[in-house]
Amino acid sequence: MLSRALRRRCPNCGAGAIFLGWFRMRPVCPSCGLVLEREEQGYVVGSYMFNIIAAELLFAAVFVAALVLTWPTPPWTLLQYGGAVLMILAPIIFYPFSKTLFLAFDLVFRPVVPGDPGAHR
Ligand SMILES: [Zn+2]
């Protein structure tokens with residue numbers, strides 16, 4: 001499920017094309033009928049949280065790598081501005097992945113059961 005999510009595919013059946021664009025996800029998987037937005041409110045918060053964590057981790061990794069590679073004279077100014085740019089771009093780049101990843105985690109802990117409004121149609 002996680003590898004499907006990382007490829008922006010339906011975590012349930014692995015079908016592609018669940019995104020209409022970079023930011024717009026289909027409400028229902030066209031292949032297996034899984035409701036992709038299972039609970040609107042929780043999903044917005046959950047995928048947002050995933051996004052922030054991913055951006056923070058990327059920033060920390062790039063920052064540490066830059067320090068190690070350029071030590072003892074790190075380009076502080078470049079790191080400062082580069083870090084700012086990265087923090088703006090990362091959430092945009094991660095956005096669709098954060099949605100599918102959150103859906104995958106949700107499916108692990110709350111599998112689709114018959115009668116679930118989010119079940120297959
Ligand atoms: Zn599917």
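**Order of elements.** I read the chain from the N terminus and noted its elements as α-α-α. The tally is three helices and zero strands. I keep in mind that this is a predicted model.

**Burial and contacts.** I looked up how much of the chain is buried: of its 121 residues, 16% count as such. I then turned to contacts with a separation of 6 or more, and found that residues 24 or more positions apart account for 55% of them.

**Core.** Which residues make up the largest nonpolar core? I listed five: Cys10, Ile18, Met25, Cys29 and Leu34. In soluble globular proteins, nonpolar side chains tend to be buried together. I picked cysteine 10 and checked its contacts, leaving aside neighbours within four places in sequence. The list has Arg4, Ala15, Ile18, Cys29, Ser31, Cys32 and Leu34.

**Loop between helix 1 and helix 2.** Helix 1 covers 2-6, and helix 2 covers 40-70. I noted both because most residues other than glycine have a negative phi.

Burial would need 20 or more. Alanine 17 has 12 such neighbours inside 10 Å and therefore counts as exposed.

The peptide bond from tryptophan 71 to proline 72 is cis, with omega near 10°. I marked it because most peptide bonds are trans.

**Helix 3.** I compared the span of helix 3 with that of a straight helix. At 1.5 Å a residue, a straight helix of 34 residues would span 50 Å, but helix 3 spans only 43 Å between its end C-alpha atoms. Where in helix 3 is there a kink? I found one of about 50° at tyrosine 95, shortly before proline 96.

Last, I looked up which residues of helix 3 are buried. They are Ser98, Lys99, Thr100, Leu101, Phe102 and Leu103.

Technical notes:
Residues numbered from 1 in each chain as written. Predicted model: local features only at pLDDT ≥ 70, side-chain atom pairs only at ≥ 80, totals over all residues. Core = buried A, V, L, I, M, F, W, Y, C linked by C-beta atoms within 7 Å. Contact = placed C-beta atoms within 7 Å. Helix = DSSP H or I, 4+ residues; strand = E, 2+ residues; numbered from the N terminus. Expected span 1.5 Å × (residues − 1). Bend = angle between axes of the 7 residues up to and from the residue.
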